[in-house]
Amino acid sequence: MSHPSLTASYLPGSSKSYGHDWSQDALGGKIRVSGRHFIDNYGRVCGLRGVNLSGSSKSSSNHNNDTFPSEAETVTFIGRPFPLEDAPEHFARLRRWGLTFIRFLVTWEAVEHAGPGIYDTEYLEYIRNLLTLLPQYGIIAFVSLHQDVWSRYSGGSGAPAWTLETVGFDLHELESTGAAWLKGVRGGGHLEEERGLWPCGYQKLAAATMATCFWAGDAFAPKLLTKGKHGDPISVQQFLQDAYLDMSEMVVKAVGDLEGVVGFEMMNEPHRGYVEIPSLHYFDYNTDLHLSAVPSALESFQLGAGRPTEVAVWTRSFPMPTRKTGHVVLNVDKRKVWRENGPTKGQCLWEMHGVWGWDKNKNEAIVLRESYFGKHPTNGKKIDWYTDFYYPFLNKWAERMRRASSPDKIVFLEMIPNEFCPPSFTKGHQPPNIVYAPHWYDLNALFTKAFGNFTVNVQGLSRGMFPLKAFYWGHKGARDNFALQIRNIVQEAYQVLGETPVIIGECGIPMDMNNGEAFQTDDFTWQAKMMDAMLVGLERAMVGFTLWNYNPHNTDLAGDDWNGENFSWFSRSRALPRELLYHEQSSASLDNGGRILSAVVRPYPAKTAGIPLKFEYEVTSGSFMFRWCNPDTHTNYSKAINWAPTVTEPSRSHPEVKALETEIFLPSLITHGRSVVVSGLDEDDSYVYDEARQTLFIVAKNTQPGSIHEVRVKLAALEGFRSRPLLFEVNDIWSDFGMGVCALVVLFSALLLGMSGIGEQLLRRVELIL
């Protein structure tokens, strides 16, 4: 199938679609994967940008902080991420902003909260009705089965309450025994002493035990049996995994046939639990967050068993993130987290398996099998969580998902957060038709909830980088810092996976940074600078992304109303009423409620008739440069330049491109009242900018294999319109301190030379500089 732009009489922009339209009408069919790219039916590379929809989907729509965790069976997630009647407003807004690629969040609890095998068909019908609307707005989505710290009932989101009860936990004793931290899912997490505590839940007894049982229960908890579908005893691993597969199949059957749903993601931010833990006496400081009271695995076992236990307390520090500052005794009331009527008969699961015990003579806990979670308990073989547990289940899940929908559905996947793509993820372990979707956040800004001129490469420090190389100054420094970290993630993936698409599935910034000052002053400059630095990093890596997050329920005070997070740069509370909105792409009324839109809403190559090579956008001026090339399938490119897949050197091999027209999203938000000045194209090339469709259409005539095209775009104020003020300065260490440094150097030189003629000249220069 050929695009109309191949005809000699075709004029740019003659098609009815727009650049960021991913409907099948616009693409000539289904979007698909080819090499490292998404492509349309004409062979054009599709640059996908969008949002996570939504942080609100982690909590039920009838959540009650006062009664939680009671009434777990009667929760409902209908209306998450927003009521069906509000969908046109939100989808139109995302279309206007060019964010038409959605990571759509669904939790296990939303589907199966009432009990094993009891599915909320009304919720499934709700998300089907919602996702059916996507093609009308040019939007596509992949459904992400979301979890954090296993479940809301262990301090995060994801699994239903009955999964914890199946293992033997008492939901009402999880917090009293230190097995979970639940204040954050009860509306807390905003106070300084609560800020950023929720990720510590991965090391706590509830979440770590559940992850271990889910992935590796057959190996490490073989004595824990439960009833299967037919009443027969089965292992806890089989029970949990079968339930997860069945739930996934229900979701896939509900929405997998829809045009707007292009794929599914098995699990958000999977975690090992106790598998491969280095010691029962401590966690790895470099990989596991140490903040507030941090019990070791052994101490968690004691606490859950009703033993008051002294644990270390960690507080924020510098230059290391935290340091040990004291101790505290937890569970002084001797509460037990294990139910007497549960499958362990009130005994700690790990005591039942001989991992630890209580020495009655010494009146203390003792470790019986220190390396229990590092080697297979029966054969002594060293455990590798990825190859032994994650990859086998991933392939089983992918096969089940495709059977329930179609073979062309894309499998989106990610590894453990903050880890590079493991070298073991070879072709033999990969399902077909995958997209690698890791996450990236500036961990320093998340940890401190602060951003300024000084930024730190935490990724580099955790991998042994010399500290001075990990420090950056100014906005230019932040751009370079973030770009390096993101490039490392993408480059490591290409080295392992070869020419496989990479998108960043989550990336975002805390809107309440710097003590929430912007909510008082309405000056979000630092938020805009951080967002720009992150997006520049993504643009340099030439990867798509879904920003965390678009949350209509966000407010300045409550944020995203989950564990004290506040990432949404849209707030319905700041927006115009629905009845005052227009839904056309040119409607600026949709922008109300958005913050830092000047940084978020930016041009990008949407559909490229060739292979994208480089894109640079300068947010302070609105100018950009885009370079792409024609495929060269006749030249053995890899042999010609000793080629290996890198961020900056994509393969020139590509399916035939049956189109000449490239479509660049160029938002009305930055072009309205300004002229679009285009340069750099060949003489035979033609273009048109349509503000109503927010698209710059370019027809490049040169089809010579390997030929390179380049376009440069600048914006200039139209007569009668004011020039826009500079958003911010792109400063660096030299612009801020260069003159002062030079002056000091000159002054020092003058002092060394004394008051000779040369010295006097240098001093006069110092006076001029200062």
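# Briefing on sheets, core and pocket

Eight strands make up an open sheet with parallel pairing, and their order across the sheet is E16-E15-E9-E6-E5-E4-E20-E19. The edge positions are taken by strand E16 (434-436) and strand E19 (503-504), each of which has a single partner strand, so one side of each is left without a neighbour in the sheet. The model is a predicted one.

- Strand E4 (residues 49-53) pairs with strand E20 (residues 544-547) in the parallel sense, over three bridges, and Gly-50 has Thr-546 of E20 as its bridge partner.
- Helix H4 (residues 121-132) packs on the sheet, where it touches strand E5 (101-107), strand E6 (140-146) and strand E9 (261-265), and the direction of H4 makes about 175 degrees with that of E5.
- The parallel pairing of E9 and E15 runs over three bridges, with Glu-265 standing opposite Phe-412 in E15.
- E15 and E16 likewise run parallel and are joined by three bridges, and here Leu-413 stands opposite Tyr-436 in E16.
- Within strand E15 (residues 410-413), Ile-410 and Phe-412 point one way while Val-411 and Leu-413 point the other way, and all of these residues are buried.

**The three-stranded antiparallel sheet**

- Three strands form an open sheet in the order E10-E11-E12, and their pairing is antiparallel.
- Strand E10 (292-293) and strand E12 (322-330) are the edge strands of this sheet, each with a single partner strand, so one side of each is left without a neighbour in the sheet.
- Strand E11 (residues 309-316) and E12 run antiparallel and are joined by eight bridges, and the bridge partner of Thr-315 in E12 is Arg-323.
- Helix H8 (residues 297-304) packs on this sheet through contacts with E11 and E12, and the direction of H8 makes about 125 degrees with that of E11.

**The largest nonpolar core**

- In soluble globular proteins, nonpolar side chains tend to be buried together.
- The largest nonpolar core of this model holds 203 residues, and those with the most contacts inside it are Phe-91, Phe-301, Trp-350, Trp-397 and Trp-569.
- Helix H6 (residues 205-220) gives the most to this core, contributing 12 residues.
- When residues up to four places away in sequence are not counted, Trp-350 touches a set of residues that includes Leu-205, Thr-209, Thr-212 and Phe-220, along with Tyr-274, Phe-301, Trp-356 and Phe-373.

- Asp-442 is found in the loop between E16 and helix H11 (443-448).
- The relative accessibility of Asp-442 is 2%, and Asp-442 therefore counts as buried, the cut-off for that class being under 20%.
- Leaving aside residues up to four places away in sequence, Asp-442 touches Val-456, Phe-482 and Met-530.
- From C-alpha to C-alpha, Asp-442 and Ser-623 are 26 Å apart in space, and they are 181 residues apart in sequence.

**The second largest pocket**

- The second largest pocket contains about 500 Å³ of space, and of the 22 residues that line this pocket, Ser-598, Leu-669, Ile-670, Arg-674 and Arg-724 are the closest to its centre.
- Helix H16 (597-600) and helix H18 (668-671) each supply at least two residues of the lining of the second largest pocket, and H18 provides the largest share of that lining, with three residues.

Key. Residues are numbered from 1 along each chain as its sequence is written. This is a predicted model: local features need pLDDT of at least 70, side-chain atom pairs count only at pLDDT 80 or more; totals for chains, interfaces and linings use all residues. Side-chain values use heavy atoms; hydrogens and water are left out. A nonpolar core is a set of buried Ala, Val, Leu, Ile, Met, Phe, Trp, Tyr and Cys residues joined through side-chain atoms within 4.5 Å. Buried means under 20% relative accessible area, exposed over 50%, partly exposed in between (1.4 Å probe, protein chains only). Helices (H or I, at least four residues) and strands (E, at least two) are DSSP runs, numbered from the N terminus. Contact means heavy atoms within 4.5 Å. Two strands pair if DSSP finds at least two bridges between them. Axes are lines fitted to C-alpha atoms, for helices over the stretch in contact, and angles run from 0 to 180 degrees between N-to-C directions. On a 1 Å grid over the protein atoms alone, a cavity is a set of points where a 1.4 Å probe fits but cannot get out, and a pocket is an open set with protein on both sides within 12 Å along at least five of seven lines; lining residues have an atom within 4 Å of a point. Grid points are joined across faces, edges and corners, and a volume is the space filled by probe spheres set on the points.
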